[in-house]
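Thanks for coming, everyone. Please bring up the model on your screens, and let's walk through it together.

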Amino acid sequence: MHYEAPLFRPPSEAHSLIFQATIGCSHNACTFCSMYKNKRFRVRSLEEISSDIRWAKERCGMVKRIFLADGDAFAIETEELLAVLGKIALAFPGAERVSVYAGPKNILAKTDQELAAIRQAGVKLAYFGLESGDPVVLQAVNKGVDQEEMITAATRLQAAGIELSMTVILGLGGKERSSEHASHTAEVVSRINPEYLAALTLMLDKSTPLAQKVAHGQFTPLSPQEILLELRMMLADLHLQHCLFRSNHASNYFAVGGLLPRDKKRLLAETDRALNNEITLKAERLRGL
Ligand code: SF4
């Protein structure tokens with residue numbers, strides 16, 4: 001099996017078989033992100049991926065879940081992606097799902113028919129980084145799409161039958177845009193209505209453009225208490241039909257989670273307890289990405 005480090009995967013893919021279908025991120029320009037900064041983006045050839053699939057088939061036995069890394073398997077031409085998914089289905093007929101990171105620009109570049117074919121070929125879940133619903137924040141962090149394009153991309157995936165696991169980043173607007181970031185993000189998430197939602201907390205590698213802005217006094221990071229307030233504002237404004245919400249990532253100061261809307265009251269009450277210092281927050285040195 002061939003892996004080009006660093007290899008990232010969502011926490012919920014900890015037990016999945018991972019194939020690197022692409023190397024790096026096709027966008028690679030978000031100002032807060034250093035994940036793939038040292039990788040030049042490329043799509044691996046069908047031959048390379050097939051060789052990994054053959055290797056894994058001989059050694060891995062029963063495989064239930066498969067994750068396609070790196071940054072965005074939707075950057076692959078549809079015909080080629082379908083060929084990869086076909087080989088995976090042949091090698092692992094017992095697999096229940098294939099999941100991918102999916103960026104909005106690459107989703108928008110595919111037709112509805114292509115998205116439906118990708119779903120039909122096994123992709124059941126896409127990890128989608130909304131990060132913020134605030135148009136000013138999206139532009140400032142160079143996400144590459146605006147609020148409406150985010151909504152279109154996400155809802156087109158859902159219409160194709162692909163479930164959405166969405167991430168937002170607490171603190172991404174800094175003190176300057178905190179309340180707008182919270183309210184616009186809640187509004188956009190509510191319009192999309194994803195099946196899963198994770199609220200991470202901003203952590204900056206020194207090499208990122210956003211860290212440079214902090215150093216130059218152009219962006220003011222939130223304190224842990226302000227992060228909690230932002231989380232509370234977001235939770236209060238979320239109107240979802242059936243969404244598994246988690247804010248228990250290694251980057252978070254405080255872990256909370258439940259089913260929305262059912263557990264909304266409890267989530268708000270727990271956040272209030274943390275705001276009132278009745279729950280100890282994670283120490284800065286224990287946070288990680
Ligand atoms: S946040 Fe996602 S889309 Fe943006 S550069 Fe990082 S990996 Fe790429």
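Start with helix 2 and helix 4 (residues 112-120): their axes come within 10 Å and cross at roughly 10 degrees. Helices here are DSSP runs of H or I, at least four residues, and strands are runs of E, at least two, numbered from the N terminus. The axes are lines fitted to C-alpha atoms over the stretch in contact, and angles run from 0 to 180 degrees between N-to-C directions. Helix 2 and helix 4 are therefore roughly parallel to each other. That label covers angles under 35 degrees; over 145 is roughly antiparallel, 65 to 115 roughly perpendicular, and the rest oblique.

Who touches whom? T78, L81, L82 and L85 of helix 2 meet E114, A117 and I118 of helix 4. Contact means heavy atoms within 4.5 Å. By class, that gives five nonpolar, one polar and one charged. Ala, Val, Leu, Ile, Met, Phe, Trp, Tyr, Cys and Pro count as nonpolar, Asp, Glu, Lys and Arg as charged, and the others, Gly among them, as polar.

A word on sources. This is a predicted model, where local features need pLDDT of at least 70, side-chain atom pairs count only at pLDDT 80 or more, and totals for chains, interfaces and linings use all residues. Residues are numbered from 1 along each chain as its sequence is written, and side-chain values use heavy atoms, with hydrogens and water left out.

Back to helix 2 (residues 78-91). Helix 1 (residues 46-59) packs with helix 2 at about 15 degrees, axes 10 Å apart. So helix 1 and helix 2 are roughly parallel to each other too. On the helix 1 side, the contact uses L46, I49, S50, I53 and K57; helix 2 brings E80, A83, V84, K87, I88 and A91.

**Loops**

Now the backbone. A69 and D70 are joined by a cis peptide bond, omega about -5 degrees. D70 sits in the loop between strand 4 (65-69) and helix 2. A cis bond also runs from L260 to P261, with omega near 10 degrees. P261 is in the loop between strand 10 (256-260) and helix 10 (264-275).

**Ligand and whole chain**

Which residues surround the ligand? They are C25, N28, A29, C30, F32, C33, Y36 and K143, each with a heavy atom within 4 Å of it. Six are nonpolar, one polar and one charged.

Finally, the protein chain has 10 helices and 10 strands. Its C-alpha atoms fill a box of roughly 55 × 45 × 35 Å along the principal axes.
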